[in-house]
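Hello,

Here is the structure I promised to pass on. Please open it first, then read my notes below.

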Amino acid sequence: MELANRLTQVRARLADAAAAAGRAPDELTLVAVTKTHPVTDVRLLAGLGVTDFGENRDQEAAPKAAAVAADPAVPPPRWHFIGQLQRNKCRSVVAYADLVQSVDRVPLVRALAAAAGGLRDRPLDVLVQVSLDGGTGRGGASVDSADPAYGFWPVVDAVATQSDLRLAGVMAVAPLDKPAEPAFVRLAEIAAQVRAAVPGASIMSAGMSGDLEAAIAAGATHVRVGSALLGNRPTLR
């Protein structure tokens, strides 16, 4: 009942934010961020109609996805990998993830493509993560960088040339020490540039529990909500 109440509140926030932006609620995809929460929460949320789930650590996500897949009572969800990803985890991640949101460097693109080509029967959807503050501590490639391995546009180009990957759009996290609104407006401009180059790259993943309204106002299609749905996360040990 607690999860159902929280989900109702989050859906109301999404609907209100969409209305305020002149958008339809069905333009938005809620990604329930279940990292550090048990698989029982995934089962319960799936039973309440949530279809998309986000995880950021492969060592937690892989067994969780396997447990859900083995449960015939749970509708198959769409798994989003949203954390910083190391190349040695790519083979594991591509086996269960439907969308990797955190692609931010060319070596990772190549590792994901190699893993996807060997383990999947269809291309893996990916988002290129944008650094909105120019730093890399929280992941993301800088739009202002021309670095051939770590610049945003070189990463976009690298994804676009891989037949085993599909560029689905962009993702970003709001800067910690700056207002979210102008950062998300900037992300929307970048997303539009990517769509102009790759028309199918329609996803803009932005906004979390504390700033989803600003993200939706800027044009986000996917919002990643954890604490507003599930409360404060347990401390990892």
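**Salt bridges and strands**

Glu55 is buried, at a relative accessible area of 1%. Buried means under 20% relative accessible area, exposed over 50%, and partly exposed in between, with a 1.4 Å probe and protein chains only. This is a predicted model: local features need pLDDT of at least 70, side-chain atom pairs count only at pLDDT 80 or more, and totals for chains, interfaces and linings use all residues. Residues are numbered from 1 along each chain as its sequence is written, and side-chain values use heavy atoms, with hydrogens and water left out.

Which side chain meets that of Glu55 in a salt bridge? It is Lys64, at 2.8 Å, N to O. A salt bridge is a side-chain nitrogen of Lys or Arg within 4 Å of a carboxyl oxygen of Asp or Glu. Lys64 is buried too, at 6%. The structure holds 14 salt bridges.

Asp52 and Arg78 form another, at 3.8 Å. Asp52 lies in strand β2 and Arg78 in strand β3, so the pair ties together parts 26 residues apart in sequence. Strands (E, at least two residues) and helices (H or I, at least four) are DSSP runs, numbered from the N terminus. Asp52 is buried, at 6%. Arg78 is partly exposed, at 29%.

Now the strands. β1 (residues 29–33) has four of its five residues buried. β1 pairs with β2 (residues 52–55) in the parallel sense, over three bridges; pairing takes at least two DSSP bridges between two strands. Ala32 has Phe53 in β2 as its bridge partner.

Best wishes
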